[in-house]
Amino acid sequence: MKQSVKLIAGNWKMNGSAASLAEIEAMKADAAMSPWQAEVVVFPPAPLIDRVSRAVGTAPIGVGAQDCRAEASGAFTGCVSAEILHDAGARWVILGHSERRHGLRETDAVVAAKVEGALRAGLHPIVCVGETLEQRDAGQAEAVVAAQVTASLPEALSGRDFTLAYEPVWAIGSGRTPTTEEIARMHAVIADAVAARLGEAAVARILYGGSVNPTNAPDILATPGVDGALVGGASLKAEDFLAIIRAV
Ligand SMILES: O=C[C@H](O)COP(=O)(O)O
């Protein structure tokens, strides 16, 4: 059954340092004042996962990684497996982010293999999908996103708890977002594609990501079919991220 609690995920991307632990302390202080109505997870760069996990302690903040290698171990210089990330304290992992699909030419098949690796290691996957502006302008957005869902979700996800994130590539870091009607429509397309791929019983939380900020978060999070947000830039400062968490 789909979790009714919304998920607010903060992807730090290639930002952060030991000084970022102060943001975690600010979040902990806020959570201690009054309980959040959302599940919250932060995704620091891999070298910070251990320190962030220790800083979180028993606070209601999950910790995840921004990517993993599909294999468990081996001669893959510079890569990190889901098992290594789990050992460092991660319990979540973002896979197929557009900055990897487009910047690093990561294919749907690679994403699907990484999802299998995440499940093997006990990490909860957040699988990202989204169309480029060219694809949207050509009227292909729904077909592109549905095809990404179909090809990026391995059979191994049947009966498992997982998360998808709809991130239009043109909305990431641009200050532009689709209308809430467009977001609702695409989330319905994604839910249909999940059911077609994994069966009617399959349910996943579907997040929206792309220029979410404290101002637009209330409307986006109230949109039908939106189960939370994947936040980039606005997750770097606790003040902004907390405003989004409190918008739930
Ligand atoms: O993973 C997060 C998304 O790419 C959104 O980033 P953004 O909130 O900076 O647009």
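**Exercise 1. The annotated active-site residues**

*Solution.* The structure is a predicted model, in which local features need pLDDT of at least 70 and side-chain atom pairs count only at pLDDT 80 or more, while totals for chains, interfaces and linings use all residues. Residues are numbered from 1 along each chain as its sequence is written.

Step 1. His97 and Glu167 carry the feature "active site" in UniProt, from an unreviewed entry. UniProt positions are given in the numbering used here, feature names are shortened, and annotations may be inferred rather than shown by experiment. Although these residues spread over 71 residues of sequence, they cluster in space, with a largest C-alpha distance of 8.3 Å.

Step 2. His97 is found in the loop between strand 4 (92–95) and helix 4 (98–101), and Glu167 in the loop between strand 6 (163–166) and helix 8 (180–198). Helices (H or I, at least four residues) and strands (E, at least two) are DSSP runs, numbered from the N terminus.

Step 3. A residue is buried if 20 or more other C-beta atoms lie within 10 Å of its own, exposed if 12 or fewer, and partly exposed in between, with C-beta atoms placed from the backbone. His97 counts as buried because it has 28 C-beta neighbours inside 10 Å. Glu167 is buried, with 26 other C-beta atoms within 10 Å.

Step 4. Leaving aside neighbours within four places in sequence, the contacts of Glu167 include Cys128, Ile172, Gly209 and Leu230.

**Exercise 2. The ligand and the annotated binding site**

*Solution.* Step 1. The ligand is surrounded by 14 residues, the closest being Asn11, Ile172, Gly209, Gly232 and Gly233; a residue is near a molecule if its C-beta atom, placed from the backbone, lies within 6 Å of it.

Step 1. This shell divides into five nonpolar, eight polar and one charged residue. Ala, Val, Leu, Ile, Met, Phe, Trp, Tyr, Cys and Pro count as nonpolar, Asp, Glu, Lys and Arg as charged, and the others, Gly among them, as polar.

Step 2. An unreviewed UniProt entry lists Asn11, Trp12, Lys13, Gly173, Ser211, Gly232 and Gly233 under "binding site". These residues span 223 residues in sequence, yet no two of their C-alpha atoms are more than 13.8 Å apart, so they gather at one spot.

Step 3. Gly173 lies in the loop between strand 6 and helix 8 and counts as partly exposed, with 13 C-beta neighbours inside 10 Å. Apart from neighbours within four places in sequence, Gly173 is in contact with Ser211, Gly232 and Gly233.

Step 4. Most residues other than glycine have a negative phi. Lys13, although not a glycine, has a positive phi of about 50°, and Ser211, also not a glycine, has a positive phi of about 60°. Lys13 is partly exposed, with 19 C-beta neighbours inside 10 Å, whereas Ser211 is buried, with 22 such neighbours. Ser211 lies in the loop between strand 7 (205–209) and helix 9 (217–221).

Step 5. Trp12 is found in the loop between strand 1 (7–11) and helix 1 (21–33). Trp12 is buried, with 20 other C-beta atoms within 10 Å. The C-alpha atoms of Trp12 and Leu236 are separated by 6.1 Å, although the residues are 224 apart along the chain.

**Exercise 3. The nonpolar core**

Which residues touch the most other members of the largest nonpolar core?

*Solution.* Step 1. In this core of 69 residues, Val93, Val127, Ala229 and Ile244 touch the most other members. Helix 8 gives the most to the core, with six residues. A nonpolar core is a set of buried Ala, Val, Leu, Ile, Met, Phe, Trp, Tyr and Cys residues joined through C-beta atoms within 7 Å.

Step 1. Beyond four places in sequence, the residues that Val127 touches include Leu95, Val111, Leu153 and Phe162.

Step 2. Ala118, in helix 5 (residues 108–121), is buried, with 31 C-beta neighbours inside 10 Å. Among its contacts beyond four places in sequence are Cys68, Ala82, Val93 and Leu95.

How values were computed. Contact = placed C-beta atoms within 7 Å.
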